[in-house]
Amino acid sequence: MSTEENQTDEANWDLDPKFDFVDAHRLPFSDDKVSLKKIDTECSGPFEGKAHGRAFTHAANIEIRDLQYRMYTEGKQSLLVVLQAPDAAGKDGLIRKVLGQMNPQGCRTYPFKVPSSEERAHDFLWRIHKATPAAGKVSVFNRSHYEDVLVVRVEDLVPKSVWKERYEIINDFEKLLAHRGTRILKFYLHISPREQLERFKKRLDDPTKHWKLNAGDYAARNKWGDYREAYQETMEKCHSKRAPWHVIPADKKWYRDASVAAIVRDTLRDMDPQLPTIDADLDEIRQLYERELAELNE
């Protein structure tokens with residue numbers, strides 16, 4: 001395709017398609033069992049292809065930055081974004097291409113790794129609660145409090161009598177955050193075993209990605225079904241209107257980014273943050289400015 005033809009396509013792309021990403025990917029509010037096996041890992045949504053999806057993401061990011069700035073200056077509401085996924089599903093890429101585009105003055109990312117000895121000496125939410133967003137801020141959790149009903153369950157790190165009680169504790173925790181004015185979005189990046197293996201190969205073939213290599217990733221593949229079962233029960237027990245789960249098809253990286261960008265953008269739109277009113281006398285400020293300018297020009 002020539003450059004001129006490509007520019008024509010870009011001009012014709014609909015960057016505000018009438019497609020409800022929330023409705024497409026948020027789990028239903030029902031008593032039905034969650035079956036990740038029945039949810040596609042690949043999707044193109046309303047887009048004509050990768051380039052269209054990326055153009056949409058770029059446009060959505062611009063609006064997200066504007067809305068986040070408004071929320072920061074308003075200083076009343078906050079947003080918590082929770083990312084959970086199998087290895088190589090793209091949490092880091094999503095943060096870099098979408099969530100990390102927000103102003104770092106009002107947005108922080110917290111990568112929750114294996115708890116330290118100090119963290120293990122406290123309750124499992126101790127390290128989490130410190131990272132929740134203050135009024136006007138955004139927190140992005142790269143893994144989260146849900147590790148304490150996922151990894152600990154599958155890897156048998158704590159007894160079932162311990163982790164099964166945590167669902168209710170998590171629900172109460174998220175209810176507390178919502179009551180305080182925090183909007184919560186939870187995303188599961190849904191990748192297929194085949195796509196995961198292809199991405200593992202790319203890590204092997206690319207020396208700049210060798211630092212990501214870990215033999216434990218292959219051990220986790222042997223427990224794919226166990227992790228899927230753990231995720232399904234987690235979603236069934238911890239899915240609510242105040243803290244909903246969205247299952248994002250993640251085999252296509254560009255669609256993963258576009259759909260999450262759309263949901264974050266639409267959530268911020270719904271929050272409708274407002275620039276604060278000012279108490280200063282604008283006429284007085286303008287006169288002071290003009291006086292200073294006149295003195296400089298003398």
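Predicted model: local features only at pLDDT ≥ 70, side-chain atom pairs only at ≥ 80, totals over all residues.
α7 and helix α12 (residues 224-237) pack with their axes 10 Å apart, at an angle of about 150 degrees.

## Exercise 1

Work out how α7 and α12 run relative to each other, and which residues make the contact.

Solution. 

Step 1. Take the angle between the axes, about 150 degrees. Angles over 145 degrees count as roughly antiparallel, so α7 and α12 are roughly antiparallel to each other.

Step 2. Assign the hand: α7 passes α12 in a right-handed crossing.

Step 3. List the residues. On the α7 side they are Val149, Leu150, Val151, Arg153 and Val154. The α12 side contributes Asp226, Tyr227, Glu229, Ala230, Tyr231, Glu233 and Thr234.

Step 4. Sort them by class: seven are nonpolar, one is polar and four are charged.

## Exercise 2

Describe the packing of helix α7 (residues 147-154) with helix α9 (residues 166-179).

Solution. 

Step 1. The two axes come within 10 Å and cross at roughly 160 degrees. That angle makes α7 roughly antiparallel to α9.

Step 2. The crossing of α7 past α9 is right-handed.

Step 3. α7 brings Asp148, Val149, Val152 and Arg153 to the contact, and α9 brings Arg166, Tyr167 and Ile170.

Step 4. By class, four of these residues are nonpolar, none is polar and three are charged.

## Exercise 3

Solution. 

Step 1. Residues of α3 in the contact include Phe56, Ala60, Ile64, Leu67 and Gln68. Among their counterparts in α13 are Trp254, Ala258, Ala261, Val264 and Leu268.

## Exercise 4

Find how many cavities of 30 Å³ or more there are, and which residues line the largest.

Solution. 

Step 1. The count is one cavity of 30 Å³ or more.

Step 2. The largest cavity holds about 30 Å³ of space.

Step 3. Its lining consists of Gln68, Tyr69, Tyr72, Asn103, Gln105 and Gly106. By class, two of these are nonpolar, four are polar and none is charged.

Step 4. Gln68 links this exercise to the previous one: Gln68 lines the largest cavity and is also part of the contact of α3 with α13.

## Exercise 5

Give the volume and the lining of the second largest pocket.

Solution. 

Step 1. The volume is about 270 Å³.

Step 2. The lining has 13 residues, and Pro28, Ser30, Asp32, Lys33 and Val34 lie nearest the centre of the pocket.

Step 3. Sorted by class, the lining has six nonpolar, three polar and four charged residues.

Methods:
Residues numbered from 1 in each chain as written. Heavy atoms only, no water. Axes fitted to C-alpha atoms, helices over the stretch in contact; angles between N-to-C directions. Helix = DSSP H or I, 4+ residues; strand = E, 2+ residues; numbered from the N terminus. Parallel < 35°, antiparallel > 145°, perpendicular 65-115°, else oblique. Left-handed = near helix turned anticlockwise from the far one by under 90°. Contact = heavy atoms within 4.5 Å. Nonpolar A, V, L, I, M, F, W, Y, C, P; charged D, E, K, R; others polar. 1 Å grid on protein atoms, 1.4 Å probe; cavity = no way out; pocket = protein on both sides within 12 Å on 5 of 7 lines; lining within 4 Å. Points joined across faces, edges and corners; volume = space filled by probe spheres on them.
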